[in-house]
Amino acid sequence: MIRNIVLCGVGGQGTVLASKLLAAAAMEKGYKVMSAETIGMAQRGGNVFSNIRISDGEEIFAPMIGHGEADLILGFEPGETVRMLPFLKKDGFVITNNRAIKPTTATLTGSTYGAEPMLAYLRKVLDPEHLLVVDGDREAAKLGNPRVLNVVLLGAAVRTGATGLTEENVLSVMDKVVKERFVELNKKAFLLTGEEDSRED
């Protein structure tokens, strides 16, 4: 079985670290893994997405995920989550943060951009059982560090079962992937609930 996961957000949200943790946890469990990352032109504010393909035996021949093939979309920003929806397969699962980050184009033109229209669209087109909205910023604030938003979201994703991994799988690789001085902080963030609602309704 091959599990296809798309992570998406904007620069500076830690999307790449979250994808590395997922890949490392899967490899330590003995799974085959292929991944690819696309990083926007702006170091911060540009769109970022990662493709991760995890197999428990079946061969993987390419890292990229096609339209309609993603089992899970993990969105760090609601607009980017909506943009990646064409990759979601039927009955796939979507997890998204609930705070919008205004893109550079909107800033330059003076136009407005908010999370609620994006979240409303997700609620409209997705089965409520396949959408989880996370208040990641609230949870990260509990630890006094907004930069752990990525790990809060990753923890929420793992607990849905959509990644095929367990909390223990991911926690076991943090010492190898995360800088030593941030390991304990990230472990605490990973174990936070982070859910805006248990499920959208």
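Student: Where is Ser 50 placed?
Tutor: Ser 50 sits in strand β3, residues 47-55. Helices (H or I, at least four residues) and strands (E, at least two) are DSSP runs, numbered from the N terminus. This is a predicted model, in which local features need pLDDT of at least 70 and side-chain atom pairs count only at pLDDT 80 or more, while totals for chains, interfaces and linings use all residues. Residues are numbered from 1 along each chain as its sequence is written, and side-chain values use heavy atoms, with hydrogens and water left out.

Student: Is Ser 50 buried or exposed?
Tutor: Ser 50 is buried, because its relative accessible area is 1%. Buried means under 20% relative accessible area, exposed over 50%, and partly exposed in between (1.4 Å probe, protein chains only).

Student: What is Ser 50 in contact with, leaving aside neighbours within four places in sequence?
Tutor: Ile 5, Val 6, Leu 7, Thr 15, Ser 19, Ala 36 and Glu 37. Contact means heavy atoms within 4.5 Å. Ser 35 is 15 residues from Ser 50 in sequence, and their C-alpha atoms are 7.1 Å apart.

Student: Thr 15 and Ser 19 are on that list. Which residues of α1 are buried?
Tutor: Thr 15 and Ser 19 are both buried, along with Ala 18, Leu 21, Leu 22, Ala 23, Ala 24, Ala 25 and Ala 26.

Student: How far apart are the end C-alpha atoms of α1?
Tutor: They are 20 Å apart, which agrees with the 20 Å that its 14 residues (15-28) should span at 1.5 Å a residue. The expected span is 1.5 Å times one less than the number of residues. Just after α1, Gly 30 has a positive phi of about 95 degrees.

Student: At what angle do α1 and α7 cross?
Tutor: Their axes cross at roughly 115 degrees and come within 8 Å. Axes are lines fitted to C-alpha atoms, for helices over the stretch in contact, and angles run from 0 to 180 degrees between N-to-C directions. The two helices are therefore roughly perpendicular to each other. Angles under 35 degrees count as roughly parallel, over 145 as roughly antiparallel, 65 to 115 as roughly perpendicular and the rest as oblique.

Student: Which residues meet there?
Tutor: From α1, Leu 17, Lys 20, Leu 21, Ala 24, Ala 25 and Glu 28; from α7, Asn 169, Val 170, Ser 172, Val 173, Met 174, Lys 176 and Val 177. By class, this contact has eight nonpolar, two polar and three charged residues. Ala, Val, Leu, Ile, Met, Phe, Trp, Tyr, Cys and Pro count as nonpolar, Asp, Glu, Lys and Arg as charged, and the others, Gly among them, as polar.

Student: And at what angle do α7 and α8 cross?
Tutor: The axes of α7 (residues 167-177) and α8 (residues 183-190) cross at roughly 165 degrees and come within 10 Å. That makes α7 roughly antiparallel to α8. Glu 167, Val 170, Leu 171, Met 174 and Asp 175 of α7 make the contact with Val 183, Asn 186, Lys 187 and Phe 190 of α8. Five of these residues are nonpolar, one is polar and three are charged.

Student: Which residue other than glycine has a positive phi?
Tutor: Asp 91 is one, with phi near 70 degrees. Most residues other than glycine have a negative phi. Asp 91 lies in strand β5, residues 88-97, and is exposed, with a relative accessible area of 57%.

Student: Back to the strands. Is Ile 2 buried or exposed?
Tutor: Ile 2 counts as buried, at 18% relative accessibility. Its place is in strand β1, residues 2-10. Gly 57 is 55 residues away from Ile 2 in sequence, yet 8.1 Å away C-alpha to C-alpha.

Student: Last one: how many helices and strands does the protein have?
Tutor: Eight helices and six strands. Of its 201 residues, 49% count as buried.
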